[in-house]
Amino acid sequence: MPQAPHELPPVSVSPDTVGVLPIFRELSPQPAPAPPDIHVLHDVELDVKIELGRVRMRIEDVLNLADGSVVELDRLAGDPVDVFVNDQLVARGEVVVLNDRFAVRLTEVVSPMRCERGA
């Protein structure tokens, strides 16, 4: 079976070689792999969600919801909203109106380490 250039030949061990230190041959340096081209990902679409707040409700209360019902969230007016990308918290911001549409002005980009600790 032919071997790839970076593979070493198999080593056989006999009773005569037990206790003998092996001799290693010097390895030639391998070129570092080229860094990935991040530009190929620019057209990939991601899910972005903005969370205003949460609430826990009983089934009875959910069934009683109707037009005009008010659902009180766990955040105060003016509290920052959470920005999630593919269900991963990435930032916090404030809700603004831009050209008659809601938008979010980012006030804090959350580092991955802080996300893991439950920032």
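These questions and answers walk through a predicted model of one protein.

Residues are numbered from 1 along each chain as its sequence is written. In this predicted model, local features need pLDDT of at least 70, side-chain atom pairs count only at pLDDT 80 or more, totals for chains, interfaces and linings use all residues, and side-chain values use heavy atoms, with hydrogens and water left out.

Student: What pattern does the protein follow along the sequence?

Tutor: Start with the elements: helices (H or I, at least four residues) and strands (E, at least two) are DSSP runs, numbered from the N terminus. The protein has two helices and four strands. Read along the sequence, the pattern is β-α-β-β-β-α.

Student: Is Asp82 buried or exposed?

Tutor: First place the residue: Asp82 lies in strand β2, residues 81-85. Buried means under 20% relative accessible area, exposed over 50%, and partly exposed in between (1.4 Å probe, protein chains only). Asp82 has a relative accessible area of 8%, so Asp82 is buried.

Student: Which side chain joins that of Asp82 in a polar contact of 2.5 Å?

Tutor: A polar contact is a pair of N or O atoms within 3.5 Å; within protein, one must be able to donate a hydrogen and the other to accept it, and residues adjacent in sequence count only if both atoms are side-chain atoms. Contact in general means heavy atoms within 4.5 Å. Not counting residues up to four places away in sequence, Asp82 touches several residues, including Lys49, Leu89 and Arg75. The polar contact of 2.5 Å is with the side chain of Arg75.

Student: How many salt bridges does a search of the whole structure find?

Tutor: A salt bridge is a side-chain nitrogen of Lys or Arg within 4 Å of a carboxyl oxygen of Asp or Glu. One of them joins Arg58 and Glu60, with the closest N and O atoms 3.3 Å apart. Arg58 also pairs with Asp61, at 3.7 Å. The search of the whole structure finds nine.

Student: Which strands hold Arg105 and Glu94?

Tutor: The side chains of Arg105 and Glu94 meet in a salt bridge of 2.7 Å, N to O. The pair links distant parts of the chain, eleven residues apart. Arg105 is in strand β4 (residues 101-109), and Glu94 is in strand β3 (residues 88-98).
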